[in-house]
Amino acid sequence: MRILIVDDDVELVGLLRFALETAGYEVVSAFDGEQALAQVAATMPDLVVLDVNLPRRNGFDVLETIRRDSDVPVMMLTVRADEENEVRGLDLGADDYLRKPFSPRALLARVRALLRRGNDGEEPVLASGPLSIDATRSEVRVEGGQACRLSTLELRLLRLLLGHQGKPVDVQRVIGFVWSDRDAADRDALKQLVHRLRHKLGRIGGSPEWIEHVPNAGYAFLPRAGP
């Protein structure tokens with residue numbers, strides 16, 4: 001598996017390269033937005049780790065350009081801690097968002113989760129009531145309507161909940177499944193993920209209430225007849 005690291009911090013790129021190569025990944029790098037796009041075209045990476053603050057073209061511009069032609073998983077790195085920038089990245093098509101500083105263990109856990117997309121042996125198309133998921137395209141539809149792209153984390157969460165036929169899934173189990181490592185996320189991160197997924201369902205004609213928090217039990221997917 002080939003991973004492209006894009007960051008103008010040469011020392012950080014070196015540290016990330018060491019951690020990822022030690023874990024068995026092939027690593028290529030770029031230090032500005034233009035180099036990043038050139039490397040994507042030249043090396044066809046399996047994952048892009050992309051900083052927001054870059055010379056020449058910022059990470060959001062790079063991500064938007066990548067998404068015109070590719071569904072390669074993209075994990076954003078940033079020191080920006082406000083929710084607005086995080087939501088902007090995810091809306092542009094980022095699959096995950098990791099805030100600096102972070103531990104190598106958290107990075108590797110998220111890398112593994114992103115690279116597992118499409119390789120977990122589950123059916124490529126799942127359905128429950130009016131909702132259907134195309135896992136190959138990372139898309140969700142309500143009653144055959146307009147498709148909405150899901151991030152890798154949103155896709156894993158929705159597939160997990162659908163697979164339990166309306167029964168609540170324990171919060172810690174959800175975190176462990178979606179992020180692969182319980183140290184890589186917490187309940188607040190899960191709440192933010194659920195909020196984003198509910199918003200997307202509502203935007204395409206579904207109902208945010210389809211994803212229900214059941215006190216002392218976890219989360220469940222409970223589709224009704226209409227939004």
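A residue counts as buried when its relative accessible area is under 20%, as exposed when that area is over 50%, and as partly exposed in between (1.4 Å probe, protein chains only). By this rule, buried residues make up 51% of the 227 residues in the chain. The structure is a predicted model, in which local features need pLDDT of at least 70 and side-chain atom pairs count only at pLDDT 80 or more, while totals for chains, interfaces and linings use all residues. Residues are numbered from 1 along each chain as its sequence is written, and side-chain values use heavy atoms, with hydrogens and water left out.

The chain has eight helices and 11 strands. Helices (H or I, at least four residues) and strands (E, at least two) are DSSP runs, numbered from the N terminus. Contact here means heavy atoms within 4.5 Å. Of the contacts in the chain with a separation of 6 or more, 57% are accounted for by residues 24 or more positions apart.

Next come the cores. A nonpolar core is a set of buried Ala, Val, Leu, Ile, Met, Phe, Trp, Tyr and Cys residues joined through side-chain atoms within 4.5 Å. In soluble globular proteins, nonpolar side chains tend to be buried together. The largest nonpolar core has 30 residues, and those that touch the most other members are Leu131, Val140, Leu157, Leu158, Leu190 and Phe221. At least two residues of this core come from each of β7 (131-134), β8 (139-142), α6, α7 (171-179), α8 (187-203) and β11 (218-221). Helix α6 gives the most, with seven residues. Apart from this core lies another, of 21 residues, which include Ala30, Ala36, Leu63 and Val74.

Because 11 of its 11 residues are buried, α6 is largely enclosed by the rest of the structure.

How do the helices pack? Axes are lines fitted to C-alpha atoms, for helices over the stretch in contact, and angles run from 0 to 180 degrees between N-to-C directions. Helices α6 and α8 pack at an angle of about 85°, with their axes 10 Å apart. This makes α6 roughly perpendicular to α8, since angles of 65 to 115 degrees count as roughly perpendicular, under 35 as roughly parallel, over 145 as roughly antiparallel and the rest as oblique. On the α6 side the contact is made by Leu153, Glu154, Leu157 and Leu158, and on the α8 side by Leu190, Leu193, Val194, Arg196, Leu197 and Lys200. By class, this contact has seven nonpolar, no polar and three charged residues.

Helix α8 also meets α7. The axes of α7 and α8 come within 10 Å and cross at roughly 75°, which makes α7 roughly perpendicular to α8. Val171, Gln172, Val174, Ile175, Val178 and Trp179 of α7 make the contact with Arg187, Ala189, Leu190 and Leu193 of α8. It has eight nonpolar, one polar and one charged residues.

The last topic is charge. Side chains of opposite charge can pair when their charged atoms come close. A salt bridge is a side-chain nitrogen of Lys or Arg within 4 Å of a carboxyl oxygen of Asp or Glu, and by this rule the count comes to 12. In one of them, Asp7 pairs with Lys100, the closest N and O atoms being 2.9 Å apart. Asp7 lies in the loop between β1 (2-6) and α1 (10-22) and Lys100 in the loop between β5 (96-99) and α5 (104-115), so the pair ties together parts that are 93 residues apart in sequence. Asp7 is buried, with a relative accessible area of 0%, whereas Lys100 is partly exposed at 23%.

Asp95 and Arg149 also form a salt bridge (3.4 Å, N to O). Asp95 is in the loop between α4 (83-91) and β5, and Arg149 is in strand β9 (residues 148-149), 54 residues apart. Both belong to a network of salt bridges that links Arg67, Asp71, Asp95 and Arg149.

Key
Nonpolar A, V, L, I, M, F, W, Y, C, P; charged D, E, K, R; others polar.
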